Amino acid sequence: MAVALVLVLVAVGSVLFHLVSPWWWTPIASNWRYIDNTIIITFWITGAVFVAVVLFMAYCVYRFRHQAGRQAHYEPENKRLEWWLTLVTAVGVAAMLTPGLFVWRQFITVPDDATDIEVVGQQWQWSFRLPGPDGKLATSDARLISPDNPLGINKDDPKSQDDVVIEGGELHLPVGKPVKALLRSVDVIHDFYVPELRAKMDLVPGQVSYIWFTPTRTGSFDILCAELCGVGHPQMRGTLVIQEQSDYQAWLQHQAARSFAHLSPASDVPD
């Protein structure tokens, strides 16, 4: 009896803890509320199964408890029960996977009007590259990385000269505008993660991955590395600043000193 009561309390307590817990996600600041909804659906399905299983265990412990003169009934198989368990399990798994497939399709489908930016991870700082007044990002290559060109920007690309290079500083973006972040690493695997955006993606040496999002509210947010990348991993932080369009344009105009043309040695800049 005591064991059955404990199991019931575990089930009820788990549900109450979930409903009244003060620990929850940070307020979302992007278009990826779909990810929140998908996780919540998974919570409810797995939670319902957990409660059902625990309560069934409590019932069995109480119903089939030891009693003098009672003999256990041996039933090697029950095809009807097996079919029901198979069907219910299949429906539950499909209910958890289906929303994720729709969200994944959105996750990898970048809007045509998204602005390309670049995020570069290295032990242990974040660097960024934004398109300049021409609105276009130049090409880059890891083989071009040097002390004077830490992001490996292709200086022969005419679009490179006005690109804004930010090493270890803040990433500014306008609110309400979709952004496609091209992700590169120059040493080990990093992971670009802003909790308020809900989305994250690995930066893998030797390849260019990407992530897209649309900022939905202004403010400053921490950029974290969500991949263990060495002894300095906890200190690998950056700042994402989301601004109104007018404020962002004003900030961008003041970044002329950070353009690739100004940062490159005079002898390397084409006439």
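## Salt bridges

A salt bridge here is a side-chain nitrogen of Lys or Arg within 4 Å of a carboxyl oxygen of Asp or Glu. In this predicted model, R198 and D36 make such a pair, with their closest N and O atoms 2.7 Å apart. R198 sits in the loop between β6 (190–193) and β7 (200–203) while D36 belongs to helix α2, so the bridge ties together parts 162 residues apart in sequence. R198 counts as buried at 16% relative accessibility, and D36 counts as buried at 6%.

The structure holds six salt bridges. Another joins E118 to R129 at 2.9 Å, N to O, linking strand β1 (residues 115–122) with strand β2 (residues 125–130). E118 also pairs with R184, where the closest N and O atoms are 2.7 Å apart. Because R184 lies in strand β5 (residues 179–185) and E118 in strand β1, this bridge connects parts 66 residues apart in sequence. Through shared partners, E118, R129, D163 and R184 form one network.

## Nonpolar cores

The largest nonpolar core has 36 residues, and W126, L130, L173, F192 and L240 touch the most other members. Domain 1 (1–64 + 83–108) and domain 2 (115–262) both contribute to this core, so it lies between them. A second, separate core has six residues, including V120, A138, L151 and V165.

## A nonpolar surface patch

Turning to the outside, V8, V12, V15, L16, L19, V20, W44 and L55 form a nonpolar patch with about 730 Å² of accessible area together. Helix α1 gives the largest share, six residues. L55 lies in helix α2 and is partly exposed, with a relative accessible area of 38%.

Notes: Residues numbered from 1 in each chain as written. Predicted model: local features only at pLDDT ≥ 70, side-chain atom pairs only at ≥ 80, totals over all residues. Heavy atoms only, no water. Patch = residues over 30% accessible without salt bridge, like charges linked within 9 Å, V, L, I, M, F, W, Y side chains within 5 Å. Areas by Shrake-Rupley, 256 points an atom, 1.4 Å probe, with all protein chains shown as cover. Helix = DSSP H or I, 4+ residues; strand = E, 2+ residues; numbered from the N terminus. Buried < 20%, exposed > 50% of the residue type's maximum accessible area, 1.4 Å probe, protein only. Core = buried A, V, L, I, M, F, W, Y, C linked by side-chain atoms within 4.5 Å. Domains from an automatic or database assignment.
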